[in-house]
Amino acid sequence: MADTKHAPHGGYSPDMDSRAHEATYQGFVQFAEIATAVIICHVLALAVGGIKHAWLTAIFGVILSLVAGGIGAMAPSVGVRAPAAVGVLLLLALVFY
């Protein structure tokens, strides 16, 4: 257990780099958003394959969502919108296929 007698600030230094901490947190939140969108795309692709028996479309949707997730991770201005667009396409394929 940590010795908190000698650390009056709860174990954290008062000169902690708050900008680096905030940047790391923002990166984690962005990664979690993109990963959630990609997982939703995979679930939609499974639904397209299982309900509509369009497995080639489902496989294409999974590959496209992975690529879109990578693009969203590399371009912060795009972010979660790239896999979300693939999710919309998969949802349309599920409804109108």
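How close do the axes of H2 and H3 come, and at roughly what angle do they cross? They come within 7 Å and cross at roughly 165 degrees. Angles over 145 degrees count as roughly antiparallel, so H2 and H3 are roughly antiparallel to each other. Their crossing is right-handed. Keep in mind that this is a predicted model.

Let me step back to the whole chain. The secondary structure comes to three helices and zero strands, and from the N terminus on the elements run α-α-α. The chain has 97 residues, of which 25% count as buried. Take the contacts between residues at least 6 apart in sequence: 70% of them join residues at least 24 apart.

Now H1. This helix covers residues 18–52, which is 35 residues. From its first C-alpha to its last it reaches 50 Å, close to the 51 Å expected at 1.5 Å a residue. Its buried residues are Ile-34, Ala-37, Val-38, Cys-41, Leu-44, Ala-45, Ala-47, Val-48 and Gly-49. As a reminder, an α-helix has 3.6 residues a turn, so residues three or four places apart point the same way. What do the buried residues of H1 pack against? They pack against helix H2, residues 55–74, and helix H3, residues 81–96.

I'll take the two partners of H1 in turn, starting with H2. The axes of H1 and H2 come within 8 Å and cross at roughly 170 degrees. That makes H1 roughly antiparallel to H2. On the H1 side the contact includes Gln-30, Ile-34, Val-38, Cys-41 and His-42.

Next, H1 with H3. Here the axes come within 9 Å and cross at roughly 15 degrees. Angles under 35 degrees count as roughly parallel, so H1 and H3 are roughly parallel to each other. H1 passes H3 in a left-handed crossing. The contact residues of H1 include Ile-34, Ala-37, Leu-44, Ile-51 and Lys-52, and those of H3 include Pro-83, Val-86, Gly-87 and Leu-90. The residues of this contact divide into 16 nonpolar, one polar and one charged.

That leaves the contact I opened with. In H2, Thr-57, Gly-61, Leu-64, Ser-65, Ala-68, Gly-69 and Gly-72 meet Ala-82, Pro-83, Val-86, Leu-90 and Ala-93 in H3. The classes are seven nonpolar, five polar and no charged residues.

One last item, on the backbone. Which residue just after H1 takes a positive phi? That residue is His-53, at about 55 degrees. Most residues other than glycine have a negative phi. His-53 has its positive value although it is not a glycine. The residue lies in the loop between H1 and H2. Is His-53 buried or exposed? The cut-off for exposed is over 50% relative accessible area, and at 63% relative accessibility His-53 counts as exposed.

Terms used
Residues numbered from 1 in each chain as written. Predicted model: local features only at pLDDT ≥ 70, side-chain atom pairs only at ≥ 80, totals over all residues. Heavy atoms only, no water. Helix = DSSP H or I, 4+ residues; strand = E, 2+ residues; numbered from the N terminus. Expected span 1.5 Å × (residues − 1). Buried < 20%, exposed > 50% of the residue type's maximum accessible area, 1.4 Å probe, protein only. Contact = heavy atoms within 4.5 Å. Axes fitted to C-alpha atoms, helices over the stretch in contact; angles between N-to-C directions. Parallel < 35°, antiparallel > 145°, perpendicular 65-115°, else oblique. Left-handed = near helix turned anticlockwise from the far one by under 90°. Nonpolar A, V, L, I, M, F, W, Y, C, P; charged D, E, K, R; others polar.
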